[in-house]
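Hi,

Here is the structure I promised to pass on.

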Amino acid sequence: MNTTLKRGSAAIVGVAESDLGEVAAGMSVIDLMAQGVHRALADCGLALADVDGVFAAAGQSRMPSTALCEYLGLKPRYQDCTMMGGSSFMTHVAHAQAAIELGLCEVAVIAYGSTQRSAGRKNVAPREYNPYETPFRPVLPASAYALAASRHMHQYGTTREQLAQVAVAARQWALRNPAAWEKEPLTVEQVLAARMVSHPLTVRDCCLVTDGGGALVMTSAARAKTLRKPPAFVLGVGESISHQTISNMADLTVTGAARSGAQAYAMAGLKPQDIDVVQVYDAFTITTLLFLEDLGFCPKGEGGRFVSDGAIAPGGRLPVNTNGGGLSYCHPGMYGLFVLMEAVRQLRGECGERQVAGCETAIAHGNGGVLSSHSTVVLGSASTI
C-alpha cells in the first residue's frame, strides 16, 4: 500500500445500503449498486452530476464499474474495478483517496451489489478447480475457515464455546439494529447444537446468505467539511495479500491483517488502544478471533479467552461489529462495504440503541477469498484531524 498518502486528505461523506435480505424478483446486482449510489448521494447532499470517480466490485458482473456507469449515465474521469473479494472496498477507499489527492477525481462513489440469496450461491459463485483441494471435496469456503479454526484450537486451546461467543455477541448487537436480518436471541448452546457444516463450525458459526448492496461517497477533506453529515476522515490504510488457496496459507493462525493493520496504524499515527470501535469481516466466527489478534487488540492465541467473557458484546470493553456483522446483520456475497458503513455511522453518532458513546476513531477491516486478501482502513472524526 502506498504510504505516501496524506493522513486525513479525504473523507467518507455518504453511506447507504440498497434493499437487503431477499430483494424483489428481477433485481440485478447493478440495480442494487445504483440504488445504493442514489441513496448515498442523498445522504450527503450531492447529486449524480457531482460524481467523477466510480469504484465497484462484484462477483456477478465482469465489468461492474462500466456497467454501473452505463446504468447511471455517468462518464467519470476515473474508474476502478479492482477485485480482491470482500476486502476490495477498503482497497477502493485507499485508491479513491489517492485519486482525489492526485486530482484524478473529486467525488468518488464505491458500490457493490449481490443477489446471492435469490440466485443461489452455486449459480453466483462457481468454484474454480484446484488439483490440490478439489479432489477432497471441501465445502468451500467453510472448510477453509474450519481448517484455521481447528488449527487455532489445537495450537492455543481455543474452544468451540469461545467461537460460539462471537456469534452470540454479533446477535446481541443485531437485536439493536432494525435493519438486521436476524431478529431472535441466540445462545452458546444453540450455536453448538446447530447443524454442523464443516467441523468445528456449525451453521451458526457461518455468515448469513442474503441479497443486498450499497455505496459510499468520498471526497476531499476540504469539500467534506461543507456537506450535510459529519465526515469520516481516512486516517490510515493498509493492504496485504498472502495466498490464494487455503492449502498455500503459510500459517493458518496468522493472517495478512497483521501487515495491513500495521500499515494503517502507522499512517494514522494511532495504536490499537486508540481505537473506539472495531468493525471486522466476520464471515465465520474464527475470523473475528484471528483479526482481533492480528490487529493488536489481544495477543496471538488469546482471542478465544478475550471474547469468552462478553468483551465484544454490548456493554463489553471493546465494541466489535456493532451492526450485527455478517453473522447476524447481512452478508450478500462480500461483506466489506458494510463494515465501512457501520464504522462511518458510529463516528457520526447515528446508530441509536447500538451507538458507542464518544466514538471518535474506528477501524474497518476487510477479508477476501479464504483469508487471502486483507485491507484495513482507520477512520476518524473531525477531532482526530
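Where is Arg 137 found? Arg 137 sits in the loop between H5 and H6, where helices (H or I, at least four residues) and strands (E, at least two) are DSSP runs, numbered from the N terminus.

Before the rest, the ground rules. This is a predicted model, so local features need pLDDT of at least 70 and side-chain atom pairs count only at pLDDT 80 or more, while totals for chains, interfaces and linings use all residues. Residues are numbered from 1 along each chain as its sequence is written, and side-chain values use heavy atoms, with hydrogens and water left out.

Phi of Arg 137 is near 55 degrees, a positive value in a residue other than glycine. Arg 137 is also exposed, at a relative accessible area of 74%; buried means under 20% relative accessible area, exposed over 50%, partly exposed in between (1.4 Å probe, protein chains only). Pro 141 is in the loop between helix H5 (121-124) and helix H6 (142-156), and a cis peptide bond with omega of about 5 degrees joins Leu 140 to Pro 141.

There is a cis bond from His 199 to Pro 200 as well, with omega near 10 degrees. Pro 200 belongs to the loop between strand S5 (196-198) and strand S6 (201-202).

Leu 371 is another non-glycine residue with positive phi, near 60 degrees. Leu 371 is buried, with a relative accessible area of 0%, and lies in the loop between strand S10 (361-368) and S11. In strand S11 itself (residues 373-380) you will find Ser 375, which is buried at 0% relative accessible area. Ser 375 and Cys 44 are 331 residues apart along the chain, and their C-alpha atoms are separated by 25 Å.

Now the overall picture. The chain has 14 helices and 11 strands. A compact globule of 385 residues would have a radius of gyration near 21 Å, and the chain's 19 Å agrees with that; the radius is taken over C-alpha atoms, and the globule rule is 2.2 Å times the number of residues to the power 0.38. The C-alpha trace spans about 55 × 45 × 40 Å along its principal axes. Buried residues make up 61% of the 385. Of the contacts (heavy atoms within 4.5 Å) with a separation of 6 or more, 76% are between residues 24 or more positions apart.

On to the inside. The largest nonpolar core has 121 residues, and Ile 12 and Leu 292 have the most contacts inside it. By nonpolar core I mean a set of buried Ala, Val, Leu, Ile, Met, Phe, Trp, Tyr and Cys residues joined through side-chain atoms within 4.5 Å.

What does Leu 292 touch, not counting residues up to four places away in sequence? Its partners include Val 278, Phe 297, Phe 306, Ile 312 and Val 320. Leu 292 is one of the buried residues of H11. Helix H11 (residues 285-294) is mostly covered, with 10 of its 10 residues buried. Among those are Thr 285, Glu 293 and Asp 294. Just after H11, Gly 296 takes a positive phi of about 90 degrees.

Cheers
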